[in-house]
Every structure is written in C-alpha cells, then in structure tokens.
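Hello,

I am passing on the structure we talked about, and it is pasted just below. Could you have a look at it before reading my notes?

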Amino acid sequence: MGIVGRQQVMTTYRQEYVLALHDHLYATALGEPHSFDIPPIEPVTAMP
Amino acid sequence: MTRVLMVSTISRFLRDFLFPYADHYRARGWQVDALTSRVDEFPECRRFFQNVWEVSWSRSPLTLRKSWQSAKRIREIVDREQYDIVHVHTPVAAFVTRFVLRGLRKTRNIKVIYTAHGFHFSSLGSRLRNSIFLTLEKVAGRWTDHLVVINADDAHAALEHQLTPEGKVWHFPGIGVNVDYYNPRAIPDHIVELVRQGMDVPPSAPLFSVVAEFIPRKRHYDILKAFSMLQYSQVHLALAGYGPLMPALKAYALELGVADRVHFLGFQNDVRALIRASDALILASNQEGLARCIMESMALEVPVIGTDIRGIRDLLEDGAGVLVPPGNTQSLLQAMNWIIDNPD
C-alpha cells in the first residue's frame, strides 16, 4: 500500500468524529448523560 | 439553554478553526459566543457566533501586561452572560482567561476547558523557554476543569507533569478536517490546471507546495535551501501564506538563484486546488499542535513530506508520509527527490 492508500484509512481525523468527541467532553463537563454514537473514549490516565 | 464562550487570542484563530464548532452547537440551540481580539480583520466571525466580545491582548505569553488590562472586561462578560462552559484556546488567551475566572469557576459553576494546540515547551525548546512555558501551564492547570491535547507527546507531557488532575486530560485528534470539502473528487481537473498555469508551471513539471505562515518555526529557509539543491531544474515550489519573514524569504530565493521557480502566493482562502496541483505538500516546522494542512493534504490524497516532530509524526507515522529530521536540509532534499522519482 502506498502513501495515499494509507492516508485514506485515517478516518479518526474527520471533523464529524472530532465534533462528536467534543459532544462527549461537554456532556461530561456538564455532568449530563450522553448517548452519542462514537467509539468509547475516556480521559487519558496512563502514559500513551 | 447551554451557553458556551470560545476564547482565542486573535480572530483569525476563530476563522481558521472554530467556525464549524459554532455552527454545530448553535444548530442545537446553544448560545455560542466568542471572545477575541482584532475582530475587524475577520468580521465574518460575527456571522458564526451569537456575540463576539472584543478584548485586546498581546500574542506572547511573555508580554502579558497588555492582556491584564482586559481582565476586568472578561470577568464582567462571563459573569453577565452566565456561561456554562468557557473553552479557551491559544496560550495568551487561555492563560489570562483562566486566571480571571479562577474564582468565578467555583462560585458560578463554570466549566473551564483548555485545548492546547501544541504546548510551547518541547524537546526542541531551550531550557529557559521550556521552564517558563511549563511553569505557566502548571499554574494555569489548577484553574482548568478539562485539558484537551492534540498529539501523543503533549498527552504524555500533560500526565508526566500533572498539568490537571487525573482523569481530566483528553487526547483528541486535532480539530478535525472536513472530508467533504477536502475531497479530491470535488476539485475539477481544469481548476487544478488553472493553478499551474497561473504560476507558469508546465503540466509535466514537479510542483511542491507549502501552506504555512511565514514565521521562524515553520522553517521555510530549510525548504528553500533543499529546493535549491535539487538537480531537476524544472521543479517548482509554491508557498501559500503570509507573515513577517516573507520579504527575507523572497530575498533568500533570489540569493539561491531559484526565485523564478519559487511562487509566493500570499494568503489563500482556498488551498485545495493548489494542493491537488502539487506532487507533495511540505511542512518543515519545528513546532506544531496537529498540523491541519497535513490533514487537508491527506484528505486530498496528496503525499506529504513532514518533519519528525510531535503533531506531524502523529499523522505521518506508519508510512502515511515521508518523515525527515527537523532542520536537516539534506534529508529534506532526499525526500523531495524520492517524491520526484516516485510520482505515483
């Protein structure tokens, strides 16, 4: 697979995904329940 | 109704990064306001945000005196508008606003979120500079409810230095790229050809492009130097952007004898056709958050040559681009040659 082929699989950088992450963050900050259809993401608590 | 205030040091940041966020949350019926400076430079901010509050502050965290003059106004605005979330971006705005709100945060139950678009301390920074910026981040971290970082190195640093309490650090993949807009199929071939014709670049000539502000940390000098060392005399280089180094870079291109093949395009509202017209995009920075022009180039399916630093490495590792050491023109030259020799 060439460079462009690898680029196409990097979907986590899509705007709609990052917006969904912000939905999740804001709901967490406000202490509100949330049910957004995104992969599970939690605050970083261990060294990546 | 949820009320959010987005804070940046200058209005251009709102234009470059936060309009989609304003759209997204206003569509939900939220009140989304902005607090920034130099609104007249990008008056379209007023269309995207319900209210745009103007303050005046410096761009450098090391010259904060001017910014303190805005402190009283910020406190009054936040108190009056009863925001639920204050989301701060960019170092000066983020530091000053968090300082101003450190008391109100508790009494008014305001959640303060800080997105660090690349910490100003790094492995490439001087000890003094790193010490100052790390101290500022540690101090302001105490006034922060949630910290968002956008590259793996910064996530590591936030945890290592305990910049905010455990469980309050989030690693997001940047601010996102609109893949419908940066869609290679949406850029007609004749538009791409027009871009090349506008610069007198023949259809068969290799073209590299750079989309970056002309400031020292973008290291345009390295790119020009490597470009001048290429053996292929018909290669062209297009530089989109503006900034204080532009006159000096033009003089440097003349000195190197390549000025006739280096195209200074100024600020471009829409870089899609330029990137599509290029054989590769180059970013030679020594400091980035998570480089958006690289994400745009990736979405447009154009190869990228980038420096092996945080915020670029995250995007190009695993073979998604060509990584070169920062400040190494020889490696940059090799990468450019590789792209020319392997056009597909």
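Predicted model: local features only at pLDDT ≥ 70, side-chain atom pairs only at ≥ 80, totals over all residues.

**Overall layout**

Chain A has 48 residues, of which 19% are buried. Its secondary structure consists of two helices and zero strands. Chain B is divided into domain 1, covering 3-171, and domain 2, covering 184-341. The C-alpha centres of these two domains lie 30 Å apart.

**Where the chains meet**

On the chain A side, 24 residues are in contact with 36 residues of chain B. Two elements of chain A each give two or more residues to this side, namely helix 1 (3-8) and helix 2 (15-30). Helix 2 of chain A provides the largest share, with ten residues. Sorted by class, the side of chain A that touches chain B has 16 nonpolar, six polar and two charged residues.

**The seven-stranded sheet**

Chain B has an open sheet of seven strands, in the order 3-2-1-4-5-6-7, with parallel pairing. At the edges are strand 3 (52-54) and strand 7 (169-171) of chain B, each of which pairs on one side only. On average, neighbouring strands in this sheet are turned by 20° against each other, ignoring direction. Helix 2 of chain A packs on this sheet, where it touches strand 4, strand 5, strand 6 (146-149) and strand 7 of chain B. The direction of that helix makes about 150° with the direction of strand 5 of chain B.

Looking at one pair in detail, strand 4 (residues 85-89) and strand 5 (residues 111-116) of chain B run parallel and are joined by five bridges. Within this pair, B:His87 has B:Ile113 in strand 5 as its bridge partner.

**The six-stranded sheet**

A second open sheet in chain B has six strands in the order 10-9-8-11-12-13, again with parallel pairing. Strand 10 (262-266) and strand 13 (322-324) of chain B are at its edges with a single partner strand each, so one side of each has no neighbour in the sheet.

Strand 8 (residues 207-211) and strand 11 (residues 280-283) of chain B run parallel and are joined by two bridges. B:Phe208 stands opposite B:Ala280, which belongs to strand 11 of chain B. Helix 13 (residues 292-299) of chain B packs on this sheet and touches strand 8, strand 11 and strand 12 (304-307). The direction of helix 13 makes about 165° with that of strand 11 of chain B.

**A closer look at helix 13**

How many of the eight residues of helix 13 of chain B are buried? Eight of the eight are, so the helix is largely enclosed by the rest of the structure. Among them are B:Arg292 and B:Glu296, together with B:Ile294 and B:Met298. Just after this helix, B:Glu301 has a positive phi of about 60°.

The largest nonpolar core has 114 residues, and the members that touch the most others are B:Val86, B:Val148, B:Leu281, B:Ile294 and B:Ile305. Helix 1 (residues 11-26) of chain B gives the largest share, seven residues. Both domain 1 and domain 2 of chain B contribute residues, so this core lies between them.

As for direct contact between the domains, nine residues of domain 1 of chain B are in contact with ten residues of domain 2. The domain 1 side divides into three nonpolar, four polar and two charged residues.

B:Phe19 sits in helix 1 of chain B. Is B:Phe19 buried or partly exposed? It is partly exposed, because 17 other C-beta atoms lie within 10 Å, while a buried residue would need 20 or more. Not counting residues up to four places away in sequence, B:Phe19 touches B:Leu14 and B:Phe48. B:Ser285 is 266 residues away along the chain, and the C-alpha atoms of B:Phe19 and B:Ser285 are separated by 25 Å.

Happy to talk any of this through.

Best wishes

Conventions. Residues numbered from 1 in each chain as written. Chains lettered and ligands numbered in written order. Contact = placed C-beta atoms within 7 Å. Helix = DSSP H or I, 4+ residues; strand = E, 2+ residues; numbered from the N terminus. Nonpolar A, V, L, I, M, F, W, Y, C, P; charged D, E, K, R; others polar. Pairing = 2+ DSSP bridges. Axes fitted to C-alpha atoms, helices over the stretch in contact; angles between N-to-C directions. Buried ≥ 20, exposed ≤ 12 C-beta atoms within 10 Å, placed from the backbone. Core = buried A, V, L, I, M, F, W, Y, C linked by C-beta atoms within 7 Å. Domains from an automatic or database assignment.
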